[in-house]
Number of protein chains: 2
Amino acid sequence: MTESVITLEDVARAAGVSPSTVSRVLNGSAKVAAPKHDTVMRVVRELGYRPNPIAQGLASGRSMSIGVLTQDITSPFYGDMLHGIEEGLYGSPYHPVFASGHWHVEDETSALHTLLNRPVDALIVLGGHTPDASLLALAGRVPVIAVGRRLHGHDLACLNIDNVSGAHQGVQHLLDLGHTHIAHIAGPSAHRDARDRLDGYRRALQNAGLPINDQLIVEGDFMEPSGLLAVETLITRGAPFTAIFAANDQMAYGARLALFRRGIRVPEDVSLVGFDGLPGSAFTTPPLTTVRQPTFEMGRAAAQAALNALNGNAPHLPRLATELVVRESTALHRARTARRARKTVTVGGAP
Amino acid sequence: MTESVITLEDVARAAGVSPSTVSRVLNGSAKVAAPKHDTVMRVVRELGYRPNPIAQGLASGRSMSIGVLTQDITSPFYGDMLHGIEEGLYGSPYHPVFASGHWHVEDETSALHTLLNRPVDALIVLGGHTPDASLLALAGRVPVIAVGRRLHGHDLACLNIDNVSGAHQGVQHLLDLGHTHIAHIAGPSAHRDARDRLDGYRRALQNAGLPINDQLIVEGDFMEPSGLLAVETLITRGAPFTAIFAANDQMAYGARLALFRRGIRVPEDVSLVGFDGLPGSAFTTPPLTTVRQPTFEMGRAAAQAALNALNGNAPHLPRLATELVVRESTALHRARTARRARKTVTVGGAP
DNA sequence: CTGAAAGCGCTTACAG
DNA sequence: CTGAAAGCGCTTACAG
């Protein structure tokens, strides 16, 4: 580890060329004679030279960093996306810089300013509530990629999963198991995603020719405690249900706990389906059936789109699909279980 | 939102002073006559001027960013610390820049280089396996704060909780409940924290005059699946136990699932204690009794120590303590439960 | 193909 | 107290 800082000039001197030439071979920004090219590379290696990104940034007007506006680095949901972004940027000269809005519009605005002010060369926005207009204005200055939120008039650079069909998938699974009284723990109605999932729930029921009972729909806030409260509300209301579709896994965890405290078994008494596919959902008791969002892939795709945009190409965001992950929190509706059990016995003969 | 970029010079021109003066009032680096000071401030406000950190960095030799070397931004454990770091830096002119080692020494080295290369003005290292020597060498160049790892000869800037006594706390809770056959799912022995917790487990048993049965100790890797496997191993070995102390919550989740699959009830048949106090542990079924680490506070303290060091003061890291959080995964050992139940009946009279 | 020069937007001795 | 000037370490037209 050489501790003294080596500059472009040191390299130039040692290689017997001008700083301009060194810069050119390093950036490949112009043809350099092969022999010179080689000595420069050799000297760079010998001296262990690493360009100073700050100086590069100032001179070139680029900071080599990509801002990521997230809500919460602690969240398992966003965390996975951040991981995907890191992965997507790996090997590129760009480095992600994160700033969190903590679900508060003011924090989000301040985080956005911090990022722009660094400055960043591109911006990846994960959800949040910054007004479309602000983001669109930014998009004129710097490439903006939006994930999990819509940006009217900027469709090319938005990555969204289909929440309606994702929710439909989850509810359909319950319908296929014979459930007809399916409750829904919705996300906050201010959330587009939450509204879409509620919509998917409704459509699945309608397609199955089932009525929609508003008594079976409770709004939560995407956090665990609200899932717990939702189940309490449901039970208080008294409308019978044999299955719950929660708009995200965290609320499903809360619901699971409420059921547990009441001695209501999952899935024997009530089937439970979540949404998101958090890593932890594979280790709840029982492991949670959920509609997985490809969060890691979403992050990676966003990073690649940002890189594309930075290279002057179209961002190109893929269409990513949700996936139903069937685990152990869902089971056949009892009536059908009974029927099947009887049938099995009949077929199998004895006891 | 003014879109054109405003520079120091623009402000100077509009205020009728030199750029030097503007810089001085902004940084408070020298006395400036009150009237000039005021006009400058007014112009800054009117124009919405924000200094370019890149240029500041190049000129001052500081980048105004603090590098945070973490293992995994996805991890609930580290995530909380990162959140604390964000909080601790909030309001200061410094911004955190994260880089992840993903538990691989090579990734960690590369992440470290990326950070130093930006460069960063200070470094916060969360755990990891970068050799002491490398970190110590760095500490000569830039303030280094280490959290969750030791750095010989750099004690002032290391923040560690007492893992031995934390583990002791957890096991003591089980002992207090009357358990005498307590299994331990240890972390990887290459981990100092894991060894310390194992040590705390042993001491608690010894202090209670209980033998240490190696058959009751299984090594995991701090991830959920290893907790599951550990329980299987324990059951296969056949040594009876009525309680488990897991070296972290994630392994406790895995253990819980293994128990669940076997139809072994928690806490009726087996009590379970974790370590870390992850947010999710309040919503497992049953909610997990655990030894909480003050992760958020640790992150915040590290950030403040970095800020202190940057201001030329001693880092000053507080001594943070673990805390036993008793929830519902632990219960009196059955023999005592029975005795107490009898007693209760006796005292209370009728059935 | 390559060097000398200007410039990115600041900070900070250096004079006064 | 304050301005003119140099300089941070690069990049990039501009000439040749």
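Axes are lines fitted to C-alpha atoms, for helices over the stretch in contact, and angles run from 0 to 180 degrees between N-to-C directions. This is a predicted model. In it, helix 5 (residues 76–89) and helix 12 (residues 295–310) of chain B pack with axes 6 Å apart, at an angle of about 40 degrees. The points below cover two helix pairs in chain B, a sheet in chain A, two UniProt annotations of chain A, and the contact between chain A and chain B.

**Helix 5 and helix 12 of chain B**

- Two packed helices are described by the angle between their axes and the distance between the axes.
- Angles under 35 degrees count as roughly parallel and 65 to 115 as roughly perpendicular; at about 40 degrees, helix 5 of chain B and helix 12 of chain B are therefore oblique to each other.
- The crossing of helix 5 of chain B with helix 12 of chain B is right-handed.
- On the side of helix 5 of chain B, the contact residues are B:F77, B:D80, B:M81, B:L82, B:H83, B:G84, B:I85, B:E87, B:G88 and B:L89.
- Helix 12 of chain B contributes B:T295, B:F296, B:E297, B:M298, B:G299, B:R300, B:A302, B:A303 and B:Q304.
- Sorted by class, the contact of helix 5 with helix 12 of chain B holds nine nonpolar, six polar and four charged residues.

**Helix 1 and helix 3 of chain B**

- Helix 1 (residues 8–15) and helix 3 (residues 34–47) of chain B cross at roughly 125 degrees, and their axes come within 9 Å.
- This angle makes helix 1 of chain B oblique to helix 3 of chain B.
- Helix 1 and helix 3 of chain B make a right-handed crossing.
- From helix 1 of chain B, residues B:D10, B:V11, B:A14 and B:A15 meet B:T39, B:V40, B:V43, B:V44 and B:L47 of helix 3 of chain B.
- The contact of helix 1 with helix 3 of chain B has seven nonpolar residues, one polar and one charged.

**A sheet in chain A**

- Six strands of chain A form an open sheet in the order 7-6-8-9-10-11, with mixed pairing.
- Strand 7 (217–219) and strand 11 (323–325) of chain A are at the edges and have a single partner strand each, so one side of each lacks a neighbour in the sheet.
- On average, neighbouring strands of this sheet are turned by 20 degrees against each other, direction ignored.
- Strand 9 (residues 271–276) and strand 10 (residues 289–292) of chain A pair in the parallel sense over four bridges.
- A:F275 is opposite A:V291, which belongs to strand 10 of chain A.
- Helix 11 (residues 249–261) of chain A packs on the sheet and touches strand 6 (182–186), strand 8 (243–246), strand 9 and strand 10 of chain A.
- The direction of helix 11 of chain A makes about 155 degrees with that of strand 9 of chain A.

**Annotated spans of chain A**

- UniProt lists residues 6–54 of chain A as "domain: HTH cro/C1-type" in an unreviewed entry.
- Residues 6–54 of chain A are 67% helix and 0% strand, with end C-alpha atoms 14 Å apart.
- A UniProt annotation from an unreviewed entry, "domain: HTH lacI-type", covers residues 6–60 of chain A.
- Residues 6–60 of chain A are 71% helix and 0% strand, and their end C-alpha atoms are 20 Å apart.

**Contact between chain A and chain B**

- In chain A, 36 residues are in contact with 36 residues of chain B.
- Elements of chain A giving two or more residues to this side include helix 4 (53–60), strand 2 (95–100) and helix 11.
- Helix 5 of chain A gives the most, with six residues.
- The side of chain A that touches chain B divides into 16 nonpolar, twelve polar and eight charged residues.

How values were computed. Residues are numbered from 1 along each chain as its sequence is written. Chains are lettered from A and ligands numbered from 1 in the order in which they are written. This is a predicted model: local features need pLDDT of at least 70, side-chain atom pairs count only at pLDDT 80 or more; totals for chains, interfaces and linings use all residues. Angles under 35 degrees count as roughly parallel, over 145 as roughly antiparallel, 65 to 115 as roughly perpendicular and the rest as oblique. A crossing is left-handed if the near helix is turned anticlockwise from the far one by less than a right angle, and right-handed if clockwise. Two residues are in contact if their C-beta atoms, placed from the backbone, lie within 7 Å. Ala, Val, Leu, Ile, Met, Phe, Trp, Tyr, Cys and Pro count as nonpolar, Asp, Glu, Lys and Arg as charged, and the others, Gly among them, as polar. UniProt positions are given in the numbering used here, feature names are shortened, and annotations may be inferred rather than shown by experiment. Two strands pair if DSSP finds at least two bridges between them.
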